[in-house]
Amino acid sequence: MASSRTGSSVWSVPPASTDAWYVYGVVPKGTSPDVFANAGAEIELVETGELTAVASRVPLEEYGAEALEANVKHPEWLEEKVNAHNAVLAAGVGVTTVLPFRFGAIYRDEEQVRGMLTKRPELRDALARLDGAVELGVKALLDPEVLRARLAHDRGLDAEVGSGRAYMLWKQLERELDEEVRSFAGSCADESHERLAAAADDARVNPAQHPSVAGGEMLLNGAYLVRSDRDAAFRDVLRELQARYGDDGVTYELTGPWPPYNFVGDEEQA
Amino acid sequence: MSSASPALQQQVTLIELVDRVLNKGVTLTGDITLSVAGVDLVYVGLRLLLASVSTLERLDGERA
């Protein structure tokens, strides 16, 4: 067992008998503990065969089955732990290949962690598949008012809209603009995803977030698996999309690089 | 969005994070795992969390 003692611990460390092992994810064998030295948690690396589990000892009084179910109800606790989980894995992004686990994989002791690694050869396949790749998130947000103003302008309607036009004519225009906005939203989302997916090694589309949360009408909520040698080309495509659709009221947001959360879990599911 | 307020940006980042850490990633049955009821509780906690970052009404006001 290799361990890193250089990071500051975010949890208290009671006697070993009351500890459990929290697993953040898996990295290839031989990964240096230094990678996680500043990850904000005291990390234990458990190496078996080709795989290394990235783990922390956590107190059972906080992570035991009953305690865990009580704790996840508390937003402050949840926010802290979700941040901590990602911070540990993020420390390995771009440095090694990271296979992220979902929040809350907890084992009784180190032997159980080893057992998990031994019993799951598909984890090794997943590491090989993800070799050197990171996840980039892209969201496309539409400001419908900008698009409607542009569409109305294209019809030479700026001055008349809302002024002396007959009510029925006005309602008809509204319907036509609604239809055009819907049509644009669909084709812009499709083209954006197709072009980004072509520049990536793999791609996923996630459900759009609600406008009140997203800060606009979300046309696309995509995740893209990108190897470092294709990173620049991927970002070029994103810039081209922004240049093409910016005037229509579309803003593209890039997040990451993330551990490839969206590209694990299908074949590795227990 | 580049013009987003810091509060909105913080909320957007948190949603991105929570969506990945709680909904994605390798799922293995550990020795201790959340029950189905426990997973539901995560979403109770999550809704409270998002509400606590900043209220949506106030964000809407700032953006107007």
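Student: How many bridges pair strand β6 of chain A with β9(A), and in which sense?
Tutor: Keep in mind that this is a predicted model. Strand β6 of chain A covers residues 133–142. β6 and β9(A) pair in the antiparallel sense, and the number of bridges is seven.

Student: What is omega for the peptide bond between A:G256 and A:P257?
Tutor: A:P257 belongs to strand β9 of chain A. Most peptide bonds are trans. The bond joining A:G256 and A:P257 is cis, with omega about 5°.

Student: Is strand β4 of chain A largely enclosed or largely open, and how many of its residues are buried?
Tutor: A residue counts as buried if 20 or more other C-beta atoms lie within 10 Å of its own. Strand β4 of chain A runs over residues 51–59 and is largely enclosed by the rest of the structure, because the buried residues among its nine number eight.

Student: How many bridges join β2 of chain A to β4(A), and how many join β3 of chain A to β4(A)?
Tutor: Strand β2 (residues 19–28) of chain A runs antiparallel to β4(A), and A:Y22 has A:S56 as its bridge partner there. Strand β3 (residues 44–48) of chain A is also antiparallel to β4(A), with A:V46 opposite A:A53. The bridges number nine for β2 and five for β3.

Student: Which residue in the hairpin of β3(A) and β4(A) takes a positive phi?
Tutor: Most residues other than glycine have a negative phi. The hairpin of β3(A) and β4(A) has two residues between the strands. The residue with a positive phi, near 60°, is A:G49.

Student: Which residues have the most contacts inside the largest nonpolar core?
Tutor: This core has 79 residues. Domain 1 (2–131) and domain 2 (134–263) of chain A both contribute residues, so the core lies between them. Beyond four places in sequence, A:V54 touches residues including A:F36, A:I43, A:L45 and A:V88. The residues with the most contacts inside the core are A:V23 and A:V54.

Student: How many residues does each domain of chain A give to the contact between them?
Tutor: The C-alpha centres of domain 1 and domain 2 of chain A are 37 Å apart. The contact takes eight residues from domain 1 of chain A and seven residues from domain 2 of chain A.

Student: How do the residues on the domain 1 side of chain A that touch domain 2 divide by type?
Tutor: Gly is counted as polar in this grouping. The domain 1 side of chain A divides into six nonpolar, two polar and no charged.

Student: What separates the C-alpha atoms of A:D131 and A:R227?
Tutor: A:D131 sits in the loop between α5 (121–129) and β6 of chain A and is exposed, with 11 other C-beta atoms within 10 Å. A:R227 lies in strand β8 of chain A and counts as partly exposed, with 14 C-beta neighbours inside 10 Å. A:D131 and A:R227 are 96 residues apart along the chain, and their C-alpha atoms are separated by 8.1 Å.

Student: Which residues is A:R227 in contact with, leaving aside neighbours within four places in sequence?
Tutor: A contact needs C-beta atoms within 7 Å. For A:R227 the residues are A:G132, A:A133 and A:D201.

Student: What share of the residues in chain B is buried?
Tutor: Chain B has three helices and zero strands, in the pattern α-α-α along the sequence. Of its 64 residues, the buried share is 31%.

Terms used: Residues numbered from 1 in each chain as written. Chains lettered and ligands numbered in written order. Predicted model: local features only at pLDDT ≥ 70, side-chain atom pairs only at ≥ 80, totals over all residues. Domains from an automatic or database assignment. Contact = placed C-beta atoms within 7 Å. Core = buried A, V, L, I, M, F, W, Y, C linked by C-beta atoms within 7 Å. Buried ≥ 20, exposed ≤ 12 C-beta atoms within 10 Å, placed from the backbone. Pairing = 2+ DSSP bridges. Helix = DSSP H or I, 4+ residues; strand = E, 2+ residues; numbered from the N terminus.
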